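User: Can you walk me through this one? I'd like to start with what touches what.

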Amino acid sequence: MNLVDDPWIPCIRRDGMVRPASLRDCFTCDDIVDLAVRPHERVALMRLLLCVSYAAAGIPEDYDGWEDLRERLPSAVSAYLDQWRDSFELFHPEKPFLQIAELRSGSKFEECIPCSKLDFALASGNNSTIFDHAALSERQFSPAWLALKLLGFQMFSPSGTIGAVYWGDAEIAKETGYSAICMKSSMLHTSLRGQNIFETIHMNILSKEKLDSYFIKNNLFGRPLWEMFPQTYNDHDAISNATQTFIGRLVPLTRLIRLEKNCKHMILGNGLDFPSFGDAHAPFPQEISATAVLNNKKDALVLLKYIPDIAIWRQLASITVYPHKDSLSGCRIISNGDSYETIDIVVDGIMYSGNGGFVDATESTFHIPGEMFQTEGHSLYEGEVARAENIALGLGNAVERYRRLVDGGWEGRLKQAGPKKGEELARLKAQALRHYWTAVEKNLSLLWRMVRTCGSEAFPPVRQAWLAHLEKSARAAYAAACGKDTERQMRAYVTGRRILAGCLRKYLEHDGKKEEA
């Protein structure tokens, strides 16, 4: 199977149907609206498409060069894919795509790992078979499935113990492999979305003036992995290109893999070591789709991470900050948003537990008005999210106070919990907070209307409606979480409600007066 012309990328077409497309189709077919894949696969595919674009047409120097790229990219990519066609052959005898042809198992029994390992949603090895009872039998996958999962696995494989393998004469010992470069800190990945897949690709191409200054100062633009593939584990120049250059890192070799032609098994070993953002021993700029924010406690920049309990819209203020040229903060991809009045952004995140187990994945799409990128609109959005979060804290305090009055043994259980006291409190408040945030999100359109009408005569009534919505959501959440059937419950309910009312008065005030709702 060759990824250049064989269909393997699930895509949404203009007729609404999902049909696979080839790599070439993504640049030449105008009926492909979007990708139809899971969050981590979207990130992986976008990195591959961008890597091919940069390799075929070069990195534009500035805005004018970026605009000119729109016209010449399809023909440049087609010619490039023809030139490097063999490198995209999934089972090529000498240079299979993202694999090591001469890779051998380090086990004397030549053990092979099931290809289901490439998909974290499938049971493999000692993983749970819940919802996946087919794991009890040997499975064969299609080449198209393997190509997509292989690409995603190279960018999102979790940490964990990986067996020994031989790459030529060199033995790569059994060891604990680090998380792949797109999995560091469970980072959130942001991309711009256009009206079709080609426009999406073009919108996410960065010019040199918008790239991180680190790559520019050190002239580390590099070449794609397949153009300078490491021949051995000691091929220092090729490994340096693959791990420390902008283009070389877009499609990484995080794991050493060789797929068997039976499409059932593979050989798997630990791959190249990649310097990463926040690594004291090997510091490196964040990935272009990642967002760096200031952690006040550490007084340092950290990657904005996916936290399942925090909806992505609550972190948009950080994601939509335009990065400064000489700063690592912000998200580089967002800097292309200044070329449009409004933009659609897609934010993807995936989280694994510390032992490499899958926890959760998310994808959120937002239509961002141009006012969001103005100081006044951005500050307004950030302030209103902070207001909603402060009310959530007050709601949690009210629920906790209610529990202390109703449950005489609550204080003792908290003391017994010791270091896990925070987990006990989180479980206590979970019902109320879920109810609150779900209710707030139902009218999130009010917040966006506030941003769009900021500074106009239409703003005051929209703001009053938003504040009233926050108050109503908080009161309803408290009532849903705290019963009042008995006399003791009623007394506790009234006390907790007073605490919530005080919080609402504090955070719903404007110019010293509570908003009329």
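Analyst: Contact here means heavy atoms within 4.5 Å. This is a predicted model, where local features need pLDDT of at least 70, side-chain atom pairs count only at pLDDT 80 or more, and totals for chains, interfaces and linings use all residues. Residues are numbered from 1 along each chain as its sequence is written, and side-chain values use heavy atoms, with hydrogens and water left out.

User: OK. What does His-202 touch, leaving out residues up to four places away in sequence?

Analyst: Trp-66, Glu-67, Leu-69, Arg-70 and Tyr-340. His-202 itself sits in helix H5, residues 197–203. Helices (H or I, at least four residues) and strands (E, at least two) are DSSP runs, numbered from the N terminus.

User: Is His-202 buried or exposed?

Analyst: Buried, at 0% relative accessibility. The cut-offs are under 20% relative accessible area for buried, over 50% for exposed and partly exposed in between, with a 1.4 Å probe and protein chains only.

User: Switching to H2 and H3. At what angle do they cross?

Analyst: Roughly 95°, with the axes coming within 8 Å. That makes H2 roughly perpendicular to H3. The classes are under 35 degrees for roughly parallel, over 145 for roughly antiparallel, 65 to 115 for roughly perpendicular, and oblique for the rest. Axes are lines fitted to C-alpha atoms, for helices over the stretch in contact, and angles run from 0 to 180 degrees between N-to-C directions.

User: Which residues of H2 make that contact?

Analyst: Val-52, Ser-53, Ala-55, Ala-56 and Ala-57. H3 brings several, including Leu-69, Arg-72 and Tyr-80.

User: Now the three-stranded sheet. What is the strand order?

Analyst: E10-E15-E16, an open sheet with antiparallel pairing. Two strands pair if DSSP finds at least two bridges between them. E10 (189–193) and E16 (358–368) are at the edges with a single partner each, so one side of each has no neighbour in the sheet.
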